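Here is a brief report on one protein model.

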Amino acid sequence: MLATFYQTHKYLVEHVNAPVRRNLMDEINWSDRLIAMKGSRGVGKTTFLLQYAKEKFGQSNACLYVNFNNLYFTDHSLLEFADEFVKAGGRTLLLDQTFKYLNWSKELRECYLLYPNLHIIFSASPVMRLTEENPDLNGIVKMYNLRGFSFREYINLQAGTSFPSYTLEQILADYPTIAKRICEKVHPLWYFQDYLHHGYYPFYLENRNFSENLLKTINMMLEVDILMIRMIDIPYLSKIKQLLHVLLVESPCTLNVSSLADHIEMSRATTMNYIKYLKDARLLNLLYSKDRSWPAKPNRVYLQNTNIAFAAGERTISQQTLAETFFYNALHGNHKINATEHTAMFLVDNKHYFDVTANMPSRTSMRLTAVGNTEQTVQQNQIPLWLFGFLY
């Protein structure tokens, strides 16, 4: 049976289309024996696994990509498969669609204990609470997160450039010079609006209608990542869709939980749980003040990225909405983002107060301001918004 899997593996590796090499490739400690790669649907987890196989192993039989959609696993166990793979000289298994295998966490642990020379990298839905709900994995799994394309990755692909990423501290320390250096080679604002509309999800590169593909991806998040993994009965899918639609139209917004609960005809507690599921599926971001967290009501709700905002076709999306959503999305992966009691919009890492504005403010401010409609710094403390898209 291994021969059939190897045949599929070699075809996929040979034909993988990975035009952007993701930074995560160099951030993962590949010597760890059990690695979970989480990421929302559509960000390219499968491509990432195949890209790693191609880069590290070429066509060697030491590595094998396995998708649990394969009907082989209806009658055979992962443990049985891993045993055959190791005996054939295999060293690295790349497991995709892991949540579709019933005893995945238990058998991953058994593989970890039985085969000390075997490395397993598996993809995971962001809805999966890997260690909280699967104590089998405590202390043995290393978790990483694959995000959608950053603006840096998008512009490198579209403009044929090779700009590096910068840390937040590097940007804050020298943003005029960094912005000037980038603008000497390319006009970022020529690409920025397209990125906000369709640049986050790598599937924009496919020869298909992006809006239809985005809606399909969102529905898969709801139907698989939420309903299937959270084991919610199908009749409640319409309630979750209703809730998401309201938030698509109104975000960024404060939550009126009672009004939302009345709208979808569910209890307040269930409504809040659904909001949490939408957040876990990477459809929403919840903004809290620094002394509050779930299950408290968030200060504001944002869409997880700007592309999602265009899924509600009837909505007119303001540049200010896009600016705030982009800023939150660009920073939250590696930084702590909070609401603030001050007049600033965001508190970053408990020390940087930020305003975000789509247009150049008429007055200077002592606070840091991310400005959407400028390519380079005009006044002190004003940082081009697009530059925060170079954080990864």
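Arg-22 is buried in this predicted model, at 6% relative accessibility. Its salt-bridge partner is Glu-153, and the closest N and O atoms are 2.9 Å apart. The pair links distant parts of the chain, 131 residues apart. Arg-22 sits in the loop between α1 (2–15) and α2 (24–27), while Glu-153 belongs to helix α6 (residues 151–159). Glu-153 is buried too, with a relative accessible area of 2%.

Helix α6 also holds Asn-156. This asparagine is buried, at 13% relative accessible area. Beyond its neighbours within four places in sequence, Asn-156 is in contact with Thr-161, Ser-162 and Phe-163.

**Salt bridges**

The structure holds 16 salt bridges.

| Glu-153 | Arg-22 | 2.9 Å |

How exposed are Glu-206 and Arg-208? Glu-206 is partly exposed, with a relative accessible area of 36%. Arg-208 is partly exposed at 48%.

Glu-265 is exposed, with a relative accessible area of 63%. Lys-239 is buried, at 16%.

Salt bridges also form a network. It links Arg-129, Glu-132, Lys-276 and Asp-280.

Strand β3 covers residues 92–96, and five of its five residues are buried. Thr-92, Leu-94 and Asp-96 point one way from the strand. Leu-93 and Leu-95 point the other way. In a regular strand, side chains alternate between the two faces of the sheet.

Which strands pair with β3? One is β2 (residues 63–67), which runs parallel to β3 and is joined to it by five bridges. Leu-64 stands opposite Leu-93 of β3. The chain passes from β2 through helix α4 (residues 78–87) to β3, in a right-handed β-α-β crossover.

Strand β4 (residues 119–124) also runs parallel to β3, and four bridges join the two. Here Leu-95 stands opposite Phe-122 of β4.

**The nonpolar core**

The largest nonpolar core has 143 residues. Those touching the most other members are Leu-93, Phe-122, Leu-278, Phe-327, Leu-387 and Phe-388. Helix α9 (residues 210–230) supplies the largest share of this core, nine residues. In soluble globular proteins, nonpolar side chains tend to be buried together.

What surrounds Phe-122, leaving aside its neighbours within four places in sequence? Its contacts include Leu-34, Ile-35, Ala-36 and Met-37. Leu-95, the residue opposite Phe-122 in the strand pairing, is in contact with it as well. Trp-104, Leu-108, Leu-130, Leu-137 and Val-141 are also among the contacts, and so is Thr-98.

**Cysteines**

How many disulfides does the structure hold? The count is zero. A disulfide is a covalent bond between the sulfur atoms of two cysteines. Cys-111 is buried, with a relative accessible area of 1%. Cys-183 counts as buried as well, at 12% relative accessibility.

**A five-strand sheet**

An open sheet of five strands runs in the order β8-β9-β10-β11-β12, with mixed pairing.

Val-348 has His-352 of β10 as its bridge partner.

Key: Residues are numbered from 1 along each chain as its sequence is written. This is a predicted model: local features need pLDDT of at least 70, side-chain atom pairs count only at pLDDT 80 or more; totals for chains, interfaces and linings use all residues. Side-chain values use heavy atoms; hydrogens and water are left out. Buried means under 20% relative accessible area, exposed over 50%, partly exposed in between (1.4 Å probe, protein chains only). Two strands pair if DSSP finds at least two bridges between them. A crossover is right-handed if, with the strands pointing away from the viewer, the path from the first strand over the helix to the second runs clockwise. A nonpolar core is a set of buried Ala, Val, Leu, Ile, Met, Phe, Trp, Tyr and Cys residues joined through side-chain atoms within 4.5 Å. Contact means heavy atoms within 4.5 Å. A disulfide is a pair of cysteine sulfur atoms within 2.5 Å. A salt bridge is a side-chain nitrogen of Lys or Arg within 4 Å of a carboxyl oxygen of Asp or Glu.
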